[in-house]
Amino acid sequence: MPHVSFRTNQRKAYRTVRRPFEKERLDQELKLCGEYGLRCKREIWRVQYMLSKVRKAARTLLTLDLKDPKRMFETPPLIRRLKRYGLMTEDENSLDDILKLTTQIFMERRLQTKVFKLNLAKSIHHARVLIRQRHIRVGKQVVNVPSFLVRTDSEKHIDLALNSPYGQGRPGRVARKRAAQKAAAASGGAEEDDV
């Protein structure tokens, strides 16, 4: 029996820019990095690549006739998927609305941004650290990917992890050490009173 592998080849999830030293774009990217607490420009390029694929699909469908079966079949699922992720509002129902999507709309749906907006973190950078250190869950699942796109129905289920020291979990290493020192100091003080 031949060995069958279910692994697929990974392809690049981003596209590098054509003009690397364009001042306006560099300034804009730097502003986005600071505003959304991103690690590097590649995170922006990844979102832009995702956006370009969605826009390309919409543009292709717009070239077809209104009664074309391909357009009638593929348009509703595309719009439904974007609505599920909160990228489009309920009253936006056309392909033209897909072309109005921006990078910022995608960035607002990231888990890192949502954690900060829900006041679970003190800053956007603190939100990223909490997510990477597995303190945040979406529903019952602990998520440690800051770029996780949050669906509209799971938005209200973002919370601290159950086993996190910030949640209902046991205290962290330093907190346990301080508690032990306090207990030792208290018991030491009680013994001196007895003597």
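Which residues line the second largest pocket? In this predicted model, the lining is made up of Arg-46, Val-47, Met-50, Arg-110, Val-145, Ser-147, Phe-148 and Leu-149. The space in this second largest pocket comes to about 160 Å³. Its lining counts 5 nonpolar residues, 1 polar residue and 2 charged residues.

Now turn to the largest pocket. Its volume is about 280 Å³. Arg-15, Thr-16, Val-17, Arg-18 and Arg-19 are among the residues that line the largest pocket. Arg-25 is in the lining too, and so are Trp-45, Gln-48, Tyr-49 and Ser-52. Helix H2 covers residues 41-63. This helix gives the most to the lining of the largest pocket, with 4 residues. By class, the largest pocket is lined by 4 charged, 3 polar and 3 nonpolar residues.

The strands come next. An open sheet holds 3 strands in the order S2-S1-S3. Their pairing is antiparallel. Strand S2 spans 141-142 and strand S3 spans 158-160. Both stand at the edges, each with a single partner strand, so one side of each is left without a neighbour in the sheet.

Strand S1 takes in residues 136-138. S1 pairs with S3 over 3 bridges, in the antiparallel sense. Look at Arg-137 for an example: its bridge partner in S3 is Asp-159.

How values were computed
Residues are numbered from 1 along each chain as its sequence is written. This is a predicted model: local features need pLDDT of at least 70, side-chain atom pairs count only at pLDDT 80 or more; totals for chains, interfaces and linings use all residues. Side-chain values use heavy atoms; hydrogens and water are left out. On a 1 Å grid over the protein atoms alone, a cavity is a set of points where a 1.4 Å probe fits but cannot get out, and a pocket is an open set with protein on both sides within 12 Å along at least five of seven lines; lining residues have an atom within 4 Å of a point. Grid points are joined across faces, edges and corners, and a volume is the space filled by probe spheres set on the points. Helices (H or I, at least four residues) and strands (E, at least two) are DSSP runs, numbered from the N terminus. Ala, Val, Leu, Ile, Met, Phe, Trp, Tyr, Cys and Pro count as nonpolar, Asp, Glu, Lys and Arg as charged, and the others, Gly among them, as polar. Two strands pair if DSSP finds at least two bridges between them.
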